[in-house]
Amino acid sequence: MSSPTALPDDSLARRRTAMLLRQAPLEFARAVYGINDLASGRSGTYAAQDVARAEGMGVLVTRERVQQRARSYLPVEGREHCPRCWVFAGARSPLALESSLGGNCEVARCGNCGGEYPNP
Ligand SMILES: [Zn+2]
C-alpha cells in the first residue's frame, strides 16, 4: 500500500455508480427523441441512429420499453455496464475505465456503442 497510484479509491467507484445512474434517465430522453425522430422521418440524428441500431438487433424500442429499461438500470461496482446500451437495447455492455488527473478522475467508455461517461 505504499504506492500512491495503486490505492483503491472507494469514493471514485461510488461516484461512478452515481454518475452512471444519472445517465439512465438522460438515455431514456434520448431514446424518446430518437423514436420521435424516426417517426417523423428524421433518421439522420444520432438518437434516431441509436434507435435504428437497437431495432436492427431485433430489440423492441418503444417509449414504454425504454422507460422500463431506464428504471431497471443498476450498475454494479466493478462490473458497470453501459447505460446507453442497456436503455436502448437491453444489452449489458461492459465499460472500460480510463483514469486521468492522477487517478482522481476517469472516463468510462463503452466499446459497443462508443458512449463515454466522464467521472466526475
Ligand atoms: Zn454502450
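Let me start with Arg42, which counts as partly exposed because its relative accessibility is 45%; buried here means under 20% relative accessible area, exposed means over 50%, and partly exposed is in between, with a 1.4 Å probe and protein chains only. This is a predicted model, in which local features need pLDDT of at least 70, side-chain atom pairs count only at pLDDT 80 or more, and totals for chains, interfaces and linings use all residues. Residues are numbered from 1 along each chain as its sequence is written, and side-chain values use heavy atoms, with hydrogens and water left out.

Arg42 forms a salt bridge with Asp37, and their closest N and O atoms are 2.9 Å apart. A salt bridge, for this talk, is a side-chain nitrogen of Lys or Arg within 4 Å of a carboxyl oxygen of Asp or Glu. Asp37 is buried, at a relative accessible area of 10%.

Helices are DSSP runs of H or I with at least four residues, numbered from the N terminus. Helix 1, residues 10-39, packs against helix 2, residues 46-56, at an angle of about 85°, and the axes are 7 Å apart. Axes are lines fitted to C-alpha atoms, for helices over the stretch in contact, and angles run from 0 to 180 degrees between N-to-C directions. So helix 1 is roughly perpendicular to helix 2, a label that covers 65 to 115 degrees. On the helix 1 side, the contact (heavy atoms within 4.5 Å) is made by residues including Arg30, Tyr33, Asp37 and Leu38. On the helix 2 side, Tyr46, Asp50, Val51 and Glu55 are among them.

Back to the charges. In total, the structure holds nine salt bridges.

Which residue forms a salt bridge with Glu27? That residue is Arg84, with the closest N and O atoms 3.1 Å apart. This pair links distant parts of the chain, since Glu27 is in helix 1 and Arg84 is in helix 4, residues 83-89, 57 residues apart. Glu27 counts as buried, because its relative accessibility is 2%.

A local case is Arg53 with Asp50, whose side chains meet in a salt bridge at 3.2 Å, N to O. Both residues lie in helix 2, three residues apart, which is about one turn of the helix. Arg53 counts as partly exposed at 41% relative accessibility, whereas Asp50 counts as buried at 12%.

Finally, these two pairs belong together: Glu27, Arg30, Asp50, Arg53 and Arg84 are linked in a network of salt bridges.

Technical notes
Helix = DSSP H or I, 4+ residues; strand = E, 2+ residues; numbered from the N terminus. Parallel < 35°, antiparallel > 145°, perpendicular 65-115°, else oblique.
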